[in-house]
Amino acid sequence: MSEHKFRYLLPPGNNFQFVSKFKAWLLMSFVLMAVAIGSLFVNKATRGDYMNWTIDFKGGTEMVFSFKDRATGNFTKIDTHDIRVALEKSGEDGIDVSEIEYTDEKNTPISGVFVKTPRYSALTDEVKEKARTGLIEKFKDRKITRATWSGDRLNVKSGEPITNLEAAEFLSTYEVLSTSKGGQTKKLEVKPWSPEEQNQYHTRDEGTRELNAWYGVWGIDRQYQQIFEDKLDKGKTEVVVVQSYGVGAKAGSKLRDDAAKAIIFAIFLIMLYLAFRFDIRYAPGAAFATVHDAIMVIGVFSITWTEVSLTSVAGLLTVMGFSVNDTVIVFDRIRENHAKLKDKSVERIIDISINEMLVRTILTSSTVFATTLIMNIFGTGLVQNFAFAMNVGVIVGTYSSIFLATPIFMYITKKWYSGPAPARRRGVAADPVVATVPAKSDEAEEE
């Protein structure tokens, strides 16, 4: 019978000593976790926030755009990559761009883009203040008693009227947004008054006899509309603003709290599952490994100042599931060997079990890592954000299954599930097989 020639990733019968290195790896894990947590406070002190939250968590503006061919009048589909590049070239940061499908009043399917930006307004606070004080100075003869901004609208109370045209000519001398990336600056554009507004703003208050006028400036949706028309194909495509609305910071804060709750509930359910799947001594190690993985992924996002979105949270939860799956595989083999190799110490059983599962762990983890690495390199936006979380998570998840979950299980087993018979009765019943079968040395077994 001819011998099968097969390329092994690791030679059969490998006998790496993992248990002897557990203390060093545990110490390194605690140091890295401290660094990860410390980076959050460093960010808060230097950057003003713990992490680089996106609009999902700190609020901003969400917009939907569609695109028409000016020649035919038909709706066209624009690649989200082109939209993202156009915004980046204009100096926009923290943008999320994705495809969206919707139907018009005739139920015709239309492909558009969904854009999220952390900015609430097309104007910066500095521009608003300059425009407000400048208008008061410019029209001081109109007896202005109040001028305040509310979003993208300037409210002016005055004794004499300031026409919409006069305000538009003056405000057009101010820039909407100045960028440091070579973006094209835009001037403030005042929206025209409707006939109803024209009549309302020229009617004096019965009590104070003042005029109360609102001058609306085209918002961030108009600014983005102009960016797309300038950058995409030089006017061949008509950009239509379908919808634009703001997302408050309160809603973002609630999402952030919900994300934290989801992680905590996941850890609790993992412990509950392992307690029933195996027994209670397996649960603490898996729970600690899961917490470690979550902290490490959060730490890498914090140190690299990578944007954190709901997609990042989805990636983090996926990492936790991947880590638990790997931990369960190792624990299952330990449990099997614990029943078969009753003459061996728990340390030796753990070494044998990890060595038996090592090739499987390497192949599974490297396959997932390679897949998500390609997504991270060639993906963009939310896909890249998810892949980055998975890349980090696969590394720390594989490591924690071997060097964190298993040592804690070993410590609990030696502390409360071993020792003289009286001690065992306080934890679990003594195994009669262990009590009657004489122990054999590892060398005798190998012979």
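The questions and answers below concern a predicted model of one chain.

Me: How many helices and strands does the chain have?
Reply: The chain has 447 residues, and 42% of them count as buried. Its secondary structure comprises 15 helices and 10 strands.

Me: What share of the contacts with a separation of 6 or more comes from residues 24 or more positions apart?
Reply: The contacts considered here have a separation of 6 or more. Among these contacts, residues 24 or more positions apart account for 72%.

Me: Which helix gives the largest share of the nonpolar patch?
Reply: The patch is made by Leu27, Val31, Val35 and Ile303, with an area of about 380 Å². The largest share is 3 residues, and they come from helix H1 (residues 22-47).

Me: Is Arg142 buried or exposed?
Reply: Arg142 is found in the loop between helix H4 (125-138) and strand S6 (144-150). Leaving out residues up to four places away in sequence, Arg142 touches Ser158, Gly159, Glu160, Pro161, Ile162 and Glu166. With a relative accessible area of 15%, against a cut-off of 20%, Arg142 is buried.

Me: With which side chain does the side chain of Arg142 make a polar contact?
Reply: The contact has a distance of 3.5 Å and joins two side chains. The partner of Arg142 in this polar contact is Asp141.

Definitions and conventions. Residues numbered from 1 in each chain as written. Predicted model: local features only at pLDDT ≥ 70, side-chain atom pairs only at ≥ 80, totals over all residues. Heavy atoms only, no water. Patch = residues over 30% accessible without salt bridge, like charges linked within 9 Å, V, L, I, M, F, W, Y side chains within 5 Å. Areas by Shrake-Rupley, 256 points an atom, 1.4 Å probe, with all protein chains shown as cover. Salt bridge = Lys/Arg side-chain N within 4 Å of Asp/Glu carboxyl O. Helix = DSSP H or I, 4+ residues; strand = E, 2+ residues; numbered from the N terminus. Buried < 20%, exposed > 50% of the residue type's maximum accessible area, 1.4 Å probe, protein only. Contact = heavy atoms within 4.5 Å. Polar contact = N/O pair within 3.5 Å; in protein donor to acceptor, adjacent residues only side chain to side chain.
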